[in-house]
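Please look over the structure shown below.

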Amino acid sequence: MKKILLIEALANSGPYVLDAARALGARVFVATHEDVYESYPGALRDKIHGAVFTDLTDPDRALADLAAFAEATGIDAVAGCWEFFTPLVAHLAERLGLPGNDPRLAQACRNKAEMAQAFYAGQVPAPRTISVRTAGEAAHALGRSGIGFPVVVKPAEQGGSWGVSVVESPEQLDAAVQHAQSWPIAAPHGLPMDQRVIVQEYVAGPEFSLDTVVWRDEFFHLPAVEKHTTAGAYRAETGHTCPAALPAAELSALRSVTEGALRALGIRNGVAHTELKISPDAGPVVIEVGARLPGDHLVDVVRRASGIDEARAYLQAVLDEKPDVPAPRQGACAIRFLTPPRAGTFHGVTIDGRHDGLVDGDITTPTGAVVGSAHDNSARIGHLVFTAPTTAQVNADAAHALAHTRIEVS
């Protein structure tokens, strides 16, 4: 029986990885902090064969501790769920002689400032980017770079659209930089975040994501996903639809630039979640890449739409087995996130009538809780999942259900 070391399971994709390992007949040992492990839900613990505790905020100590554990236990593969630990996954795999990504480039998979440099060196179509620490530095650097407004301001290290804003004028830079630096520590591990801020030229056009399993430098692309976001200064993600309704030529171009980005980041054995926009002027542009499974329950969305289990394929790649990524079956799936209309006290959700295609949903916020406005993904109070034979139908079904959904906040 194969043994997999998973560096942190307390993530959106954690249960999918554990379920996939069980289906493959593999045992999973989880590396985490002891206090974080104590917070694991019982259902998550039940899927884990064992745990090893170390300080994941200390990469050198964690690498030594986990290498010793892996060698004593006979670990066959190293996997991860958290973007912030992808460098540790790469370094540990190399030390153990197991399949993984290039550890020399792994920090660029976590840090967007270093990612921008890797994209530039690899001639990847990506937004022009500068990294700064203050609004004054940003204004000066923008003047020298020739990047005009609007621009996107975001943390060098963070996820979930946290700290991201679209800035229309120099007067808004100070507030945007402060907003991007609002999360110096990542919970629940207390992991210090790089406090640099990146400022990127704004790319117009629709947004997509493309997940890719990589095995021995061979790319296995999953169906492209259409991304839905809010407008205005803050661009929180409101949902996803799989597959994206793209002409064959645009899908081919999307895959081509994605492969260039993954090569630039040294992603050679594992999985990658690439976010892109299709510019009306420049075509596909890579916004960023995570060397991890996607969040937002996209593993489930893609599986419902296509029949492909991305978590299973990922584990096969790091076990040095050819990933099982068949041609997608006919179908579509959409997830829509429920967010409050304003900040206040949450009283519940009412969906009037019956709705075709609504197959699943979850309200994650208890009544009586104080909720914020939709500046980022943390404002979500739940989600709804829809399936249909086509992308057009599933988008129509989702829109119809949301039009009849009331989120009560006072």
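Helix α6 provides the largest share of the lining of the second largest cavity, namely four residues, helices (H or I, at least four residues) and strands (E, at least two) being DSSP runs numbered from the N terminus. The model is a predicted one, in which local features need pLDDT of at least 70 and side-chain atom pairs count only at pLDDT 80 or more, whereas totals for chains, interfaces and linings use all residues. Residues are numbered from 1 along each chain as its sequence is written, and side-chain values use heavy atoms, with hydrogens and water left out.

**Cavities**

- On a 1 Å grid over the protein atoms alone, a cavity is a set of points where a 1.4 Å probe fits but cannot get out, a pocket is an open set with protein on both sides within 12 Å along at least five of seven lines, and lining residues have an atom within 4 Å of a point.
- The count comes to two cavities of 30 Å³ or more, a volume being the space filled by probe spheres set on grid points that are joined across faces, edges and corners.
- The second largest cavity holds about 80 Å³ of space, and of the 13 residues lining it, Lys112, Ala116, Phe119, Gln200 and Ile287 are the closest to its centre.
- The largest cavity has a volume of about 110 Å³, and α5 gives the most to its lining, with four residues.

**Second largest pocket**

- This pocket contains about 290 Å³ of space, and Ala116, Tyr120, Pro127, Arg128 and Thr129 lie nearest its centre among 14 lining residues.
- Helix α6 gives the most to the lining of this pocket, with five residues.

**Helix α4**

- Helix α4 (residues 59–73) has 15 residues and reaches 20 Å from its first C-alpha to its last, close to the 21 Å expected at 1.5 Å times one less than its number of residues.
- Its buried residues (under 20% relative accessible area, with a 1.4 Å probe and protein chains only) are Ala62, Leu63, Leu66, Ala67, Phe69, Ala70 and Thr73.
- Just after α4, glycine 74 takes a positive phi of about 80 degrees.

Technical notes
Buried means under 20% relative accessible area, exposed over 50%, partly exposed in between (1.4 Å probe, protein chains only).
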